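This report describes a helix pair and a sheet. The sequence and the structure are shown below.

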Amino acid sequence: MTYRRSLTHTVIFSVAYAAATAAGRATVMDDANLSLVWPAAGIAAIWFSRQWDSPLRWLDFLALASITIAVNMRTGATPAMSAIFVAANLAQAVVFVRLIRRWRPGLWGAGGTAPLRSPPDLWALLAAAFGATVAGAIVGPSVVWLVTGHFSWPSASVWLCRNTASILIVGAAGFCLGPLLSRGPSPRRLRTPRYFEYAAFLLCSAACHLAGFSFSHGLPLAFLLMGVTVWAGARLATSFVAVHNLLAGAIVVLFTLDDVGPFADIGDNAARAVVAQLFVTVSAVIALSLALGRDERATLLGELAAERAELEEQRQQAAERAELFRAIIDSTADGLAVIDDQGTVTLRNPAAVRLLGEHYSFFHLDGTPLGEAEMPHARALAGEQLQDVQILVRNREVPEGRVISVRATTLLDRSGRRSAVILFHDATAERRHRDELTNFAGVVAHDLLNPVTTIEGWSDFAGESLRLLPDSPEAEDARDGLARVHRAARRMRGLIDGLLAYTTARDATVATVPVDLGQVVTEVTVARLDAAIAAGLPVPRFTVGDLPVVQADPVLIRQLVDNLIGNAVKYTAPGVTPELGITAEPDDDLIRVRIADNGIGIPAGQHEAIFGNFHRAHRAGAYTGTGLGLAICKRIVERHGGTIAAEDRPSGGSIFTFTIPPASGSSQFGIARAEEQSWREPRR
């Protein structure tokens, strides 16, 4: 608040307070300086509430004190009494501001911008008014008692009633009109019937007041004002009700001062003042409580209507999204099904019906039926994440079967129930195409072995013949050419053998039996030792831990171990003795095998790529190979339901790990098997 604006408010409130003080002093009923009403209390409450944060608040205190002393002394009060009234009025105003700011900080004049909006606001205003009046009474009548030695209970009662009524009625009008005046004129206009209602109300109010106070002829007709009060509170604007309370209170006081009306017959001035103020207060409270209760209901209904509109909009948006999702699901070429934990299909799109048929059965790719625990939804609900698992589905329309690729995961609803979400993709054509390529590669590789063998044989024969010839440049060139032909034939044989091994590892039927992994490793390491000794190479050192019995295909598991150990021995720096450590440990319901070496390691960023087809990590070195060895290892492990990975060894070299199921009923490592597993597809 700027200084100029603060000073303007101080001047306006000072004029209003001076007029209210003079009006209050004009209602003094006897020589005890006892006023019937004290509107200055309400003006002071609004004044200091509005100006509490003013930078010139000290000027407001000074103005109130000066006006109180000047008006009281000019109307017959002594300087001592005037000083007491200053202290009482200041205490009353300060206590009111403190209380209303504490209880209703959002009200206009109390730190906020809102008008009176609900009955709780009215009760807070009434409580703050009464509390402030009590504080003023403690300072006013009590100090008078200390000065004069005489305490007047009637005077204290009149002080409490008149000041409470003044703060309530004037304060309510200020808190209702203040926000309207601060915002400026509202663009909202009343409808014509409302103008007629306001005009009719004013006429009825004037008639009832005249009947109750002027033309009653001794009859108790003041009850007519209750009807007017209820009409105003139930139908008219709260700000209008507050102003009407102010005017009605002034009319009651004026008639009572003129010894007219039902309260004029009360002989005791103090009693007359108390009864008149209680009447005005009760009327004001009834009218305001009705009006504010109506406003509160209207606000709540508006908020409820807004919430309903928002909910309806959200419902429409949700319906539109659901319709869009339904259209997307129905139009997709892949099948989608949702199955709850009871095995009930809760959602299935047309593509799923087309792929599976109405009456269908699931099989392994070798034709054996899937068990209940091997069904995709059962595996998903058991915690597995199925990724591109291929199964065979047969129905009446497709008796020969259709290969589908399955992905499955779980979904939790709001109640915590789990459902399996399954995606079906028709992989029949892809499978057939891949099988044809695989068969073609196998046939070609097999058929190429004969000419390769012929080339190797005749090159060996020619080499033997050339060795019998005398040394000459021509003979040396011929021997070198034949050596190149022989090496090329050996590389071609290695590539053909790799293709055949990859085809076998990929598509051959896996027949799992209990296999002693320790015995397999022993046979492979002994063979590697013999090969190194025969070739005159550094003899590898093997450290083999306790290895368990696993459930695997004997041929494929031997090929897997031989490829990994062979790679570890081959990819060792020249002149370095290969050192390998082979260990195993339990990993949930599988066995994790680790093969650590001291080789040249894996280039950065290729730890996953090395398991791809024909990928060679060390092309620039003197390390030969087809790039199929680790791809074969990966396929063998996946066909046994495990995974394979590579990582760097902290001390140098690499560590290859793969998982493999333990043998059924094996107690080694304390691993217990709850059920048989199918190892024809990888478990992710």
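## Strand pairing

Two strands are taken to pair if DSSP finds at least two bridges between them. In this predicted model, strand β1 (residues 335–340) and strand β6 (residues 418–426) are joined by six bridges and pair in the antiparallel sense.

Strands β1 and β6 belong to an open sheet of six strands, whose order is β2-β1-β6-β5-β4-β3 and whose pairing is antiparallel. Its edges are formed by β2 (345–348) and β3 (360–363), each of which pairs on one side only. On average, neighbouring strands of the sheet are turned by 35 degrees against each other, direction ignored.

## The α9–α10 helix pair

Two packed helices are described by the angle between their axes and the distance between the axes. For helix α9 (residues 238–257) and helix α10 (residues 269–331), the axes come within 10 Å and cross at roughly 165 degrees. Because angles over 145 degrees count as roughly antiparallel, α9 is roughly antiparallel to α10. The crossing of α9 and α10 is right-handed.

## Residues at the helix contact

From α9, the residues that meet α10 are Thr238, Val241, Ala242, Asn245, Gly249, Val252 and Thr256. Their counterparts in α10 include Arg272, Phe279, Val280, Ser283, Ala284 and Ala287, as well as Leu288, Ala291, Leu292, Arg294 and Asp295. Sorted by class, the contact of α9 with α10 comprises ten nonpolar, five polar and three charged residues.

Conventions:
Residues numbered from 1 in each chain as written. Predicted model: local features only at pLDDT ≥ 70, side-chain atom pairs only at ≥ 80, totals over all residues. Heavy atoms only, no water. Axes fitted to C-alpha atoms, helices over the stretch in contact; angles between N-to-C directions. Helix = DSSP H or I, 4+ residues; strand = E, 2+ residues; numbered from the N terminus. Parallel < 35°, antiparallel > 145°, perpendicular 65-115°, else oblique. Left-handed = near helix turned anticlockwise from the far one by under 90°. Contact = heavy atoms within 4.5 Å. Nonpolar A, V, L, I, M, F, W, Y, C, P; charged D, E, K, R; others polar.
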